[in-house]
Amino acid sequence: MKYLKLGSSGLEVSAITLGCMSYGTAERGNHDWTLDEETSRPFIRKALEMGITTFDTANVYSDGTSEEFVGRALADFASREDVVIATKVHGTMRPGPNGGGLSRVHIMNQIDASLKRLGTDYVDLYQIHRWDDTVPIEETMEALHDIVKAGKARYIGASSMFAWQFAKAQYTADLGGFTRFVSMQDHYNLIQREEEREMHPFCLDQGVGVLPWSPLARGRLTRPWGESSTRDDTDNVSARVYAGTEDVDHQIADAVGTVALNRGISRAQVALAWVRQQPAVTSPIVGATKQQHLDDAVASVDLTLSADELAALEAPYTPHEPTGF
């Protein structure tokens with residue numbers, strides 16, 4: 001495993017981040033493919049044994065039970081100082097006023113709730129899960145700053161939004177003397193590259209690390225086109241973010257298959273290696289519900305694609321509608 005600084009910050013993260021949305025109580029979520037606590041613990045333990053030290057979850061994943069499972073597993077299998085725990089805030093956690101979003105009251109309530117579920121005094125990276133048009137960005141940035149100053153979060157990060165919104169947030173932090181975001185968790189893979197236009201150049205310029213979500217396009221880049229999985233068949237996010245571009249995406253998936261065949265490796269390794277070789281990317285977020293998922297993710301860290309392979313993988317791409325916001 002390799003370890004890298006997250007952007008220009010001092011925080012070191014593993015080159016692969018384990019995404020923990022797949023771990024939680026199914027009855028308290030909306031995912032048929034969610035693994036219960038007994039089933040998920042071996043994946044967290046194996047990830048640690050393979051050198052993965054960075055774990056990403058969110059308060060809304062299975063109504064908080066993902067945080068609970070991850071927190072208990074990490075407490076049992078690792079020392080707190082040896083792991084990087086990242087979680088998020090924005091989604092609705094209860095009905096009624098102040099139940100979601102990025103208001104000061106919701107952020108303050110949810111950091112305490114997340115810490116309780118995770119069983120820790122602090123998170124290493126506290127991320128806003130999306131942009132909130134209903135709250136002044138000054139209010140959000142000051143609340144996050146206060147959380148850092150209180151010692152409840154070491155760093156703060158953001159997730160999918162437009163580049164102008166992210167620039168506005170960083171400018172607001174500078175203007176108010178607040179803590180800046182050190183990371184951007186965005187939707188980025190071989191069949192969704194729109195972040196290369198504005199977001200990634202901005203992150204490179206500003207020293208912000210990128211933690212891509214769905215680097216394998218929710219499995220579409222890991223198997224022959226047309227095959228599916230339980231998650232693919234039941235995940236409403238997949239249907240929303242990958243609709244209408246099948247013809248072009250088919251060609252990209254075929255190119256991944258060709259490179260993988262020539263190399264004698266899996267498609268997942270090729271697709272992840274491509275993401276990791278992009279200049280703005282620090283650590284792609286990979287979910288794991290099978291041992292092979294972890295094996296492929298870790299193997300991709302030592303895989304360097306040639307210029308010809310990169311060109312072949314990128315050639316079929318055409319502009320897509322940005323999705324995932």
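Which residues form a nonpolar patch on the surface? They are Phe162, Trp164 and Phe325, with about 340 Å² of accessible area together. This is a predicted model, where local features need pLDDT of at least 70, side-chain atom pairs count only at pLDDT 80 or more, and totals for chains, interfaces and linings use all residues. Residues are numbered from 1 along each chain as its sequence is written, and side-chain values use heavy atoms, leaving out hydrogens and water.

**The surface patch**
- Patch residues have over 30% relative accessible area and no salt bridge, with nonpolar side chains joined within 5 Å; areas come from the Shrake-Rupley method with a 1.4 Å probe.
- Phe162 sits in the loop between β7 (153-159) and α5 (163-176).
- With a relative accessible area of 42%, Phe162 counts as partly exposed (between 20% and 50%; buried means under 20%).

**Helix α3**
- Helices are DSSP runs (H or I) of at least four residues, and strands (E) of at least two.
- Buried residues of α3 include His106, Ile107 and Leu118.
- Seen down the axis of α3, the buried residues fall within an arc of 160 degrees, so they line one face of the helix.
- Their cover includes α2 (65-77), β5 (84-89), β6 (123-128) and α4 (137-149).
- Gly119 follows α3 and has a positive phi, near 70 degrees.

**Helix α6**
- Met199, His200, Phe202 and Cys203 are the buried residues of α6 (residues 199-206).
- They pack against α5, β8 (181-185) and β9 (209-210), where contact means heavy atoms within 4.5 Å.

Conventions
Patch = residues over 30% accessible without salt bridge, like charges linked within 9 Å, V, L, I, M, F, W, Y side chains within 5 Å. Salt bridge = Lys/Arg side-chain N within 4 Å of Asp/Glu carboxyl O. Buried < 20%, exposed > 50% of the residue type's maximum accessible area, 1.4 Å probe, protein only. Arc of directions from axis to C-beta.
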